[in-house]
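Please look over the sequence and the model below before reading on.

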Amino acid sequence: MRETTERAWAKLNLSLDVTGRREDGYHDLAMLMQTVSVGDELRLRLRDDGKVFASSNLRFIPGDERNLAVRAALRFFEALGISGQGLQIDIRKEIPVGAGMGGGSADAAAVLRGLNRLYDTPFSRAELERISQQIGSDVAFCVAGGTALAQGRGELLRDLRPMPDCFFALCKPGFSISTPELYQKLDASPVRIHPDTAGLLAAVEAGDLRALCRRMYNVFEDVDDRRLRTVAEIKGRLLDYRALGAVMTGTGSAVFGVFERAEDAERACESLRGEYKFCRTAKPVPRGE
Ligand code: ATP
């Protein structure tokens with residue numbers, strides 16, 4: 001086999017806590033993660049000329065090693081001990097860029113899964129997750145996805161029972177928020193409120209959607225940044241449309257609400273669509289899909 005296709009599902013942070021600062025400059029995190037049905041499509045084609053590059057329907061996304069998908073391929077070949085192997089990665093982006101939905105990480109994980117298939121499964125899931133750590137913090141989670149607790153820099157994963165069935169309304173305003181910038185602002189003042197991670201885990205294990213949604217919280221929402229007013233505004237609107245809970249994902253700028261009924265999620269999206277760039281509904285995606 002010389003080529004394959006792979007879906008890359010976006011991730012949402014149902015909660016995000018920063019629990020400490022590490023000596024290596026990174027932060028210690030505790031995040032409840034969920035993959036959702038907004039996905040890029042990747043086509044992987046082995047090449048004989050040794051070139052590894054990506055192309056995409058979005059012109060501004062780099063095709064060289066700055067692209068996490070390219071980095072993933074290089075790390076995969078390295079781990080396999082082969083040099084000079086070429087690969088063309090064609091990406092059809094559906095995941096909004098700079099949204100906190102882990103688009104680049106999802107693409108990288110999809111490349112690892114796709115190449116693992118093309119090479120007749122030389123690596124286990126745990127080994128792919130280990131390779132992921134050299135690429136980016138959220139890549140390890142994106143290898144299998146589903147519902148999981150991610151700790152450390154995001155690489156320490158605990159699989160959880162799938163979150164209860166529900167519908168998401170996702171909304172990203174026109175601007176993005178730089179991740180390093182928001183971390184700097186977070187470091188400038190102490191975190192006042194932390195999510196109740198133990199309570200969130202108990203809610204997931206009990207299959208209690210309402211208890212889960214009541215506890216969703218992201219420490220970055222409390223950072224002093226003017227753009228977060230828009231985030232708060234969108235959250236308010238989602239709650240007006242009967243979301244059980246609404247929260248920003250990652251370092252934004254996308255916000256999502258969780259709904260019991262598809263009609264309510266659709267109505268919320270319709271009301272926001274005129275004002276904000278990206279609005280759509282989605283469902284949770286189970287682990288391994
Ligand atoms: P996260 O939730 O992990 O912070 P994000 O959704 O905020 O991610 P991405 O959309 O993954 O951010 O990527 C943001 C930056 O990464 C962009 O500047 C983009 O150029 C670069 N990038 C590298 N590879 C990719 C890729 N495969 N898809 C999208 N962006 C990529």
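What follows is an account of a predicted model.

Helix α9 covers residues 262-273, and at 1.5 Å a residue its twelve residues should span 16 Å, which agrees with the 16 Å that separates its end C-alpha atoms. Within α9, the buried residues are Asp 264, Ala 265, Ala 268, Cys 269 and Leu 272. Seen down the helix axis, these buried residues fall within an arc of 135°, so they line one face of α9. The elements that cover them include the strands β7 (167-172), β9 (255-259) and β10 (278-282), together with the helix α8 (228-240).

The largest pocket has a volume of about 1,200 Å³, and 45 residues line it, of which Leu 68, Gly 102, Ser 105, Asp 138 and Thr 179 lie nearest its centre. At least two lining residues come from each of β1 (3-21), β2 (27-47), α1 (68-80), α2 (103-118) and α5 (179-188), and α2 gives the most, with four residues. By class, the lining holds 19 nonpolar, 19 polar and seven charged residues.

The backbone also calls for attention. Most residues other than glycine have a negative phi, and most peptide bonds are trans. The bond from Gly 252 to Ser 253, however, is cis, with omega near 10°, and Ser 253 is placed in the loop between β8 (245-248) and β9. Asp 120, in the loop between α2 and α3 (125-132), has a positive phi near 60° and is exposed, with a relative accessible area of 67%. Arg 242, in the loop between α8 and β8, has a positive phi of about 70° and counts as exposed at 52% relative accessibility.

Methods. Residues are numbered from 1 along each chain as its sequence is written. This is a predicted model: local features need pLDDT of at least 70, side-chain atom pairs count only at pLDDT 80 or more; totals for chains, interfaces and linings use all residues. Side-chain values use heavy atoms; hydrogens and water are left out. The expected span of a helix is 1.5 Å times one less than its number of residues. Buried means under 20% relative accessible area, exposed over 50%, partly exposed in between (1.4 Å probe, protein chains only). The arc is that of the directions from the helix axis to the C-beta atoms. Contact means heavy atoms within 4.5 Å. On a 1 Å grid over the protein atoms alone, a cavity is a set of points where a 1.4 Å probe fits but cannot get out, and a pocket is an open set with protein on both sides within 12 Å along at least five of seven lines; lining residues have an atom within 4 Å of a point. Grid points are joined across faces, edges and corners, and a volume is the space filled by probe spheres set on the points. Ala, Val, Leu, Ile, Met, Phe, Trp, Tyr, Cys and Pro count as nonpolar, Asp, Glu, Lys and Arg as charged, and the others, Gly among them, as polar.
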